[in-house]
Amino acid sequence: MLPPFLDTPVEFLKGVGPQRGEVLNKELAVFTFMDMLSLFPYRYIDRSKFHKISDVNPDSGYVQIRGGITNISFSGNKRIFRMNASLRDGTGSLDLVWFNGFKWLKDKFKPGEVYIVFGKVSLYNGSLTISHPEIEVFSEQSTGVGSALQPLYPSSEKLKAKGLDGKGIWKLQKTLIALSQGKIYETFSTKILQSTRLMSREQAFCNIHVPQSAEMLQNAQNRLKFEELFFMQLKIFKEKQFREKRNSAIRFEVVGENFNNFFHHYLPFPLTNAQKRVVKEVRHDTGTGRQMNRLLQGDVGSGKTMVALMSMLIAIDNGFQACIMAPTEILANQHYNSIQRFLEKMEIESALLTGSVKGKQRKLILEGILSGSIKILIGTHALIEDAVIFKNLGLAVIDEQHRFGVMQRARLWEKNDHPPHILVMTATPIPRTLAMTLYGDLDVSVLDEMPPGRKPVKTVHYRETHRNVVFGFMKQQIQLGRQIYVVYPLINESETLDLKDLMEGYDSIVREFPLPKFAISIVHGQMKPAEKEYEMQRFVKGETNIMVATTVIEVGVDVPNASVMIIENAERFGLSQLHQLRGRVGRGADQSFCILMSSNKITAYARQRLATMVETTDGFKIAEADLRLRGPGDIEGTQQSGILDLKLADIVRDEKILLFARKMAEEIIAADPELSSDENHRLSLRLREIHTAKINLGKVG
């Protein structure tokens, strides 16, 4: 529970009231005094510096200028009333403009007086303009508006309509800071504060809203960032500890006949050292008597399915069943076909259960799962339906788990009296900082080797002007017996985006590659499943030379003979998606190619993304670049996690703080698992408070 003062509804703060309180609730999820204090500025402006008009331009942003105000005039009508003035400082002039309700300002400006004008520069009708500037009379003691560093706060049109623009919010914050003296409680012990040399929590909140100096502001930000990241990590370690204590799991005591028979006689290729290492980690985890929760990361083609299969064989050797849950039917089918191929000479029954499996076939599968005759079940969300009852589920493998909701995953855990061991797989490499925040309670394994004989995919970037060169290369590859993917971001023409759509692209490819010499498949998300499967199978069997598709082929299509991936309008894709698409080729012994096609004019940001793809095929380097370019909130799977609800810290820019916070949290939990010592009492209270805030649905913004 928060102290009564900090839990006070924000409407009771002087200057707020019921109406402003309601808009703060709805627009910024600010309900209490503590919520208000936790509404941090998104940037600061140094009001101690003055600009010359001759040096400013539309890109200057917020500026502060000393000068005289002249040429006051009025225009407009009753609906839109406008006041204009000129600001001159000896180096030039710019326009000042106010709309509606500012006629009283006319008498405020006096000839010969020097003013401080502050605002954002823009270009209006060809002239430099500041709309609704802040103005005060200049004196030698002037430092802007009371603080050299002025914070800027998020606002909206609805907030501004209530007088709560950035300046209005800052005024409320200063009022609250004055009232809060002695009432902002400390969350860290004296020992932690001394060892980290962090300022107190109260000092930090004061200086983040009303900075005494640039140095004090930096110290305040560091303190509050550390606190956010520390308690996030502490919570992760506590949850892992709780799960391990609660989930006394199944113990896989032997590595038996099925595993050894497969390993010695039917393994289709030698395991990489990385695969051997991960299988050993799984063997260790499942033999401890605690539930395994392991994240397996690896690029497309690194051998995750083989690791999953060998892990499932260990489960079967110990008398248990195993399952793989995949997010799409295509991917589930691919897993099923691979496992059937690997186990074709062994007497282990496996089955595929998806939404497409109906009637008698479905009934037989459900009976086989219940009786235990089916040892391995592969499927989609169908696996978590109530009708699916396992005899004895010992291992659950979840592929591309970020595509499943939390409740969906939890339902799979409930398929046995004792929680099954969990192996989570992803072909989307996750940067270290993101992994320790999103999946900090999981043990992490990495497949960082590719099977022998795989050649890195050569990647090039071509613009639209090189279209004929690309067509020529495609014909050359088809003559060599290769197949080609051409992927588009859209299905139909868009009025708002200047993109080459799939149907138009298909028509142009048909003209360039006519029947009967060439055969072309087309696949997109609006096709019926049967039509899509038919076209996919034509390509898989080698009956078509080119597959024109949308990103439905991002996962789940494995065609070793396909050696060319052409991605149209590549500038419209994120790095991770480009990398996933590139992973569809390079699966055979032939040299493979990825051609990134873009329009002739692209942004610097897009150029940077495409250059990264050309420079490296390392999924982890690409994931790090993606994280730097887009930020964690945009990376697939992070938004739904609820973990990255950070108000101030940034796991990319603040990696050093994150690592320090994680190390300290881990040491504290190791020394005092229950946080029961007097020294850790405050940490325990704060964790409880965070948990309460998370489940208080009335405050979910």
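Reader: Which residues are buried in α15?

Author: The model is predicted, so local features need pLDDT of at least 70 and side-chain atom pairs count only at pLDDT 80 or more, while totals for chains, interfaces and linings use all residues. Residues are numbered from 1 along each chain as its sequence is written, and side-chain values use heavy atoms, with hydrogens and water left out. Buried means under 20% relative accessible area, exposed over 50%, and partly exposed in between (1.4 Å probe, protein chains only). By this criterion the buried residues of α15 are R467, V470, F471, M474, Q477 and I478.

Reader: Which geometry does the aromatic pair of F252 and F320 have?

Author: Rings of Phe, Tyr and Trp (its six-membered ring) pair if their centres lie within 6.5 Å; planes under 30 degrees apart count as stacked, over 60 as edge-to-face and the rest as tilted. The structure holds 18 aromatic pairs. For F252 and F320, the centres are 5.6 Å apart and the planes at 40 degrees, so the pair is tilted.

Reader: How many residues apart in sequence are the parts that F473 and F593 tie together?

Author: The pair of F473 and F593 is edge-to-face, at 5.0 Å centre to centre and 80 degrees between the planes. F473 lies in helix α15 and F593 in strand β21, so the parts tied together are 120 residues apart in sequence.

Notes
Helix = DSSP H or I, 4+ residues; strand = E, 2+ residues; numbered from the N terminus.
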